[in-house]
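Subject: Structure handover, with notes on salt bridges and a surface patch

Hi,

Here is the structure I promised to pass on. My notes follow below it.

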Amino acid sequence: MISDEIKEYTRAAKPIKANRSSSFSLKMALPGAKVEEHQEEILRNDLPREEFTLEQVKEGWKRFLDRLKIEHNIPSYNALMTTNLDLAGDEVIFEFTSHSSKQEFEEYKDRIRNSLRVFLKNHYFTIQIKFSEKEAENHILSNKEKFEKLLDKNPILLKLKEEFGLDLYD
């Protein structure tokens with residue numbers, strides 16, 4: 001049944017829930033948008049705060065990397081496995097040798113922090129990021145470099161190369 005009466009609507013004088021904060025914003029979804037990183041503060045004192053060693057941090061890091069491998073996040077695993085870890089008091093230092101590993105770390109930073117918190121039973125450590133300027137080890141070898149490495153293991157290969165007139169460097 002349709003009513004013939006017309007309801008009169010009043011307009012709000014101010015926006016409803018104007019100070020509501022959203023976890024998602026279109027600005028964040030746009031490429032090139034800058035997202036401010038908020039440092040997570042722990043205001044509670046009842047969370048675990050056990051002492052930990054560098055070996056425990058490395059074991060927690062290895063477990064996180066193993067989880068990435070199980071989840072088939074192989075590119076992330078490969079980028080992050082070259083990370084060097086260090087410890088200074090309650091500060092865990094992650095040292096990266098490539099921009100890709102640093103970028104992957106930033107993507108998983110919250111998950112890494114939470115994983116380490118649970119494994120180390122400590123919610124009060126901080127994370128510091130360092131970028132190493134040293135040259136990353138090159139894992140791709142030229143044909144000449146491959147042959148030289150094989151020569152170190154088996155010197156007879158040089159004699160075979162000369163006897164058969166092989167040109168292995170093309």
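One cut-off first: a residue counts as buried under 20% relative accessible area, as exposed over 50%, and as partly exposed in between. Lys62 has 45% relative accessibility, so Lys62 is partly exposed. Please keep in mind that this is a predicted model.

Salt bridges

How many salt bridges are there by the rule used here? The count is five. As background, side chains of opposite charge can pair when their charged atoms come close.

Start with Lys62. Its side chain meets that of Asp66 in a salt bridge, at 3.2 Å from N to O. Both residues sit in helix α2, which covers residues 54–70. They are four residues apart there, so about one helical turn separates them. Asp66 has a relative accessibility of 29%, and therefore counts as partly exposed.

Next, Arg111 and Glu71. This pair also forms a salt bridge, and the closest N and O atoms are 2.5 Å apart. Which parts does the pair tie together? Arg111 lies in helix α4 (residues 99–120), while Glu71 belongs to the loop between α2 and α3. The two parts are 40 residues apart in sequence. Arg111 is partly exposed, at 29% relative accessibility. Glu71 is partly exposed too, with a relative accessible area of 36%.

Then Glu163 and Lys159. Their side chains meet in a salt bridge at 3.9 Å, N to O. A salt bridge needs the nitrogen within 4 Å of the carboxyl oxygen, so the 3.9 Å pair qualifies. Glu163 and Lys159 are four residues apart in helix α6, and about one helical turn lies between them. Is each side chain buried, partly exposed or exposed? Glu163 counts as exposed, with 54% relative accessibility. Lys159 counts as partly exposed, with 48%.

Nonpolar patch

Helix α6 covers residues 156–164, and Ile156 is in it. Which residues make the nonpolar surface patch? They are Ile156, Leu160, Phe164, Leu166, Leu168 and Tyr169. The patch is about 550 Å². Ile156 has 46% relative accessibility, so Ile156 is partly exposed. Patch residues must have over 30% relative accessible area, and Ile156 at 46% passes that cut-off.

Best wishes

Terms used. Residues numbered from 1 in each chain as written. Predicted model: local features only at pLDDT ≥ 70, side-chain atom pairs only at ≥ 80, totals over all residues. Heavy atoms only, no water. Patch = residues over 30% accessible without salt bridge, like charges linked within 9 Å, V, L, I, M, F, W, Y side chains within 5 Å. Areas by Shrake-Rupley, 256 points an atom, 1.4 Å probe, with all protein chains shown as cover. Buried < 20%, exposed > 50% of the residue type's maximum accessible area, 1.4 Å probe, protein only.
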